[in-house]
Every structure is written in structure tokens, then in C-alpha cells.
Amino acid sequence: MAKEYVKFVDVTKCDGCKACMVACKNWNDLPVEETAFQGSAQSHPKTTADTWNVLQYIEHENAGGGLDYLFRHSSCFHCTDAACEKVCPENAISYTDFGSVVIDQDKCVGCGYCVQNCPFEVISLKEYKDKNGKEYRKAHKCTMCTDRLEEGLQPACVTTCHTGAMEFGDKEAMIRKAEKRVQEIKGRYPNAQVYNPQGVGGTHTVYVLAEKPSVYGLPENPKVPTSAVAWKDYAQPIGKMMLGATTMALVGAFVTNKLFNKEGKEQDGGGSNE
Amino acid sequence: MIKSVVSKEYQNLQKEIVQLQEKWKRMIDPDTIKPNLDKAALAAGVPAAALAAIDFEISLFLQWVEEITALLIESSPNLKPKLADIGSLLNEETAIRWIEEAFSFNSVYFERFAEENGLEPWIPQFLAETALRPYLQLVAEKVQPEIDRGVPGSGCPVCGEPVRLAVLEDEGKKVCQCPRCLAHWNAKRLECSHCGNEDYQKIKFLTIEGDAVSQIQVCEECNGYIKIIDTRQYIEKPSAAMIDLNSIHLDFVAQENGFSSAGEKKITN
């Protein structure tokens, strides 16, 4: 069993350099996307299938009437109870031993349920064309560089962060660090808080936010949608049980049929002897 | 840990050896090592361990040789016939000689010793070197605060081992590491540790495709190389000895490309 890790993002140390975005594109070999001017230094409105992390730039009027220029490295939260994993009908989304949530591209059928149910809107579909010109779609998001974790390396974005706004390590240690940091910055940011929402069982990307989550466009109390829970935890197992029941019925029918046929044959045989 | 060309079994054996050496180091009375920080001698490249007065405890050394032999037999039982008689060959006098010769890395002596006693050539030096290292590492610990630079061409400022490994720290600071005594010292990013060459046009870097953390710095002046590992990317930082072992593929690449771990100035008429 591998160790469970957490990416700790302290947005108050971020200087908005976007090196994390470049490192992600570089390591994951993601293509450039042309985007329209957003009205700020922000390059993309949100994460996309080819841009797995986006640096948010937020102009925020603080309680004192002053202007705060807030930055946030936004990417997949790698929830402990991930809605995307729950709704995936093909079991293409799974948890790794490190705590990251990954998509198996071979299993993904591009249904888009994960996209619709992610409380943080970080999953996107990408359209492809096969050699016959047939269109198909696949879901993509940040993998927490699971391929690097398997090699004992930190995610590419963490490695490249020059201000130390991102750290990667043991889950408990990172959460303790986040809590300690909040105490340090309370004077400057009274609304500062650790964002590790328990509605999704806690996350493996834990933030220290300078302001309330809503300022960053984040849900205050994200939850796994009830429909997702109903689907994964009840409907699917019941479905499987039903499948079991159907199988049993089939086996039963087969056995009965055999017996019936046997009788039939005997009858037939008896008939031929006559 | 990065995938290594070294087998898991050998990596585990080395990890156990490192743990043993840690344990042995704690058994040494720190007062038996008296460093002599002669600035002029250090500046001239004399290793600090050679200047230090070390009162070796021979019985400990012999006990460690026994322990390492037992560990080797435990990990590969087929070594038993080759290692079983080592104990009988070692007395106090031989142990003192082993320490002296291991200290100066006298391979010729150990090869001769192996030949005279019908041992495989690697055995005597391996045992002597492994059992000597706790002393070297303790010297390094004691003098570390005074060691901030190496003298090009003189090897490790503590034990004299040729420089072959550096790591990148903080904002990209190059720190040379000695896998033998675990001393570390700062070095310029564009400087050859073997000949002191700082001509950027004659310092090149070889990289391995798909290996995001390693590079080999080669010097076209002296044909020397060192391995540079970006340990900032690791989740947990391994010891210098393990980094050195797991990056052995870089030594092969460098040496196959005509570079050496000692460096040698080209002599031209």
C-alpha cells in the first residue's frame, strides 16, 4: 500500500507566475489552446481537457474597502469521495493508493456524467476522430502526476513552484501545515481558511484560501450529489444483485429445461419405441 | 524511488548496510575522533579525515566485519563458503592494516590479500570499506560546519573520494555529495569539480530521455564527469549512498562516452 499524499496549495504565497500551468503542459504533453482575452491576466476561463490546471486571477474588494489581487492554482481536488468516480458507468474512474483520482482512457466512453457531476467543474471532454472519421469523446483532468508519484517524484506543478506556494507530502503533515499557516495569516486575511471540504470526504488537494471559497468561485460546502450516491452505492450493487438473481433464474431455467427435455426425450424415446 | 537499473534485492541489501553503518556510527565514542582543521592544509586539498586523529577501536571494527559478513550470507546464502573463513584471517594486526589501506583506497593491497588467501577479489576491500565508513562519516559530521567548498581535483574535502555526485537544492544550488562519508559542500553550477574549469563552452550536459531528474555534467577540458540529480523533485529524499547507487546507469553512459569519474587533464605537446 502506497502512502497517501496531499498537495498543499497556499494561495497567499502564490505570485501568479503560471509556471505550474507550463510545467503541467510540459510533463503531460498537452497542446496549446488559443483562448480569448479574459479581461485579466487569466489565460483560460477554467480547466479544460487540454489545460489541467489554470491560474485564477481575482480582483476582490476586501472588508476594509481595499483591493486584493488574489491568485489560485485550480486543478482537480482528488476527492476522497469523488462524485466522478461514483457516476462513471464504465468504472473508468478510480482511486490510486496515493489518493489521486484517475481516468482510465481505455475504459472511458465519453458519456460526460463525470463532467456534469464534478462539484468543482474540473473535468472536461475532448473530441477525437478515429481513422474512419467517426467522432468519439474522452474525459480528461489532472492526474496529480500519478505517473511521477509512482517513480517517487512530486507532481510537476509542485516541483516548479518557485515561491513554495505548493508543497507535496504526507497527508496528515500537509493538513497540519495548512492549519498552522491559517493562524499565521489571520491578521492580514481575517477570512483565511483551510479548504478541505468534508462533504466529499476531504480532498487530496488542500488549500489555504485567503478569502471565503465563494470568492474563488468554489462551493462553500460541496457534496457528492445524492443521485451519484444513489447510483453507485445502491443502484449499481442492486443491479448487480439483480444480475445475480437473473443469472440464478437462468441457471434454474437451464436445469429445469434440461430435466424437462430429459422427460421430453424420454417421452419422445418412448414414443419411437412404440 | 526512481526506477533503477539496480535490482530490488541489491538495493535492499544496500539499504540494510546503510542502516548498519548508522547503528555502528552511534557505537563510536565521538571523543575518539579529534579533527584538526588546518585551514592551509584544507585549502590545499588535504582531506580532513587524513588530518584528524582517529583512535580506532579494533574490536569494534572486527565485530562490524563479522556483522556485514553475516548480512551478506543472509541475503545470498550461496556466499557462505566464500565468506565463512574471513573471521579466522583477521587478527588485530591485519585489522589495523585493513583500516589503513581502506582509508587510502589501496585496491592493490586488497587484491593481493585476496589472492594470497584464496578469496574472491572483491571481498576484502568491500568488507574493509564498509566497516571503515562509520568512522569517515563521523569525521564528516564533526567537520561539516567548516566544509563549504571543495578544492577542484582533490576529491571530497573530508575523505578524498573522487567527486562524482551533486544534487540540486533550493533555487537550483549545486551541492556536491560524497556517497562514502556523506559530507556535502557547495559548488558553482558551471565549474568542473575535477579540474576547476569554468569555461561554459567546455562544460556540457548529457541527459537521458525520459529521466526528468538526472543529468551528467561533463568537462571537455579534463574529460571528467559528475552526476547531478535534482532531488527537489523527490517526495522523500534518499541518502547520498542510495542516490549514487540508483544512478549508476549515468556512470555507464558517461564512461561509455569517454568520460571518467576522476578527470584527467589532456596532455598535449
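In chain A, four strands form an open sheet with mixed pairing in the order β8-β1-β10-β9, where strands are DSSP runs of E of at least two residues and helices are runs of H or I of at least four residues, both numbered from the N terminus, and where two strands pair if DSSP finds at least two bridges between them. The model is predicted, so that local features need pLDDT of at least 70 and side-chain atom pairs count only at pLDDT 80 or more, whereas totals for chains, interfaces and linings use all residues. Residues are numbered from 1 along each chain as its sequence is written, while chains are lettered from A and ligands numbered from 1 in the order in which they are written.

The edges of this chain A sheet are formed by β8 (166-170) and β9 (193-195), each of which pairs on one side only, and the twist from one strand to the next averages 25°, with axes taken as lines fitted to C-alpha atoms, for helices over the stretch in contact, and angles running from 0 to 180 degrees between N-to-C directions. Within the sheet, β1 (residues 5-10) and β10 (residues 205-209) of chain A are paired in the parallel sense over four bridges, and A:V9 of the chain stands opposite A:Y207 in β10(A).

Strands β7 (residues 214-219) and β8 (residues 225-229) of chain B pair in the antiparallel sense over five bridges, and B:Q215 is placed opposite B:I228 in β8(B).

Elsewhere in chain B, the axes of helices α1 (residues 8-27) and α9 (residues 122-143) come within 9 Å and cross at roughly 55°. The two helices, α1(B) and α9(B), are therefore oblique to each other, angles under 35 degrees counting as roughly parallel, over 145 as roughly antiparallel, 65 to 115 as roughly perpendicular and the rest as oblique. The contact, for which C-beta atoms placed from the backbone must lie within 7 Å, involves B:I17, B:Q21, B:W24 and B:K25 of α1(B) together with B:T130, B:R133, B:P134, B:Q137 and B:L138 of α9(B).

Key
Contact = placed C-beta atoms within 7 Å.
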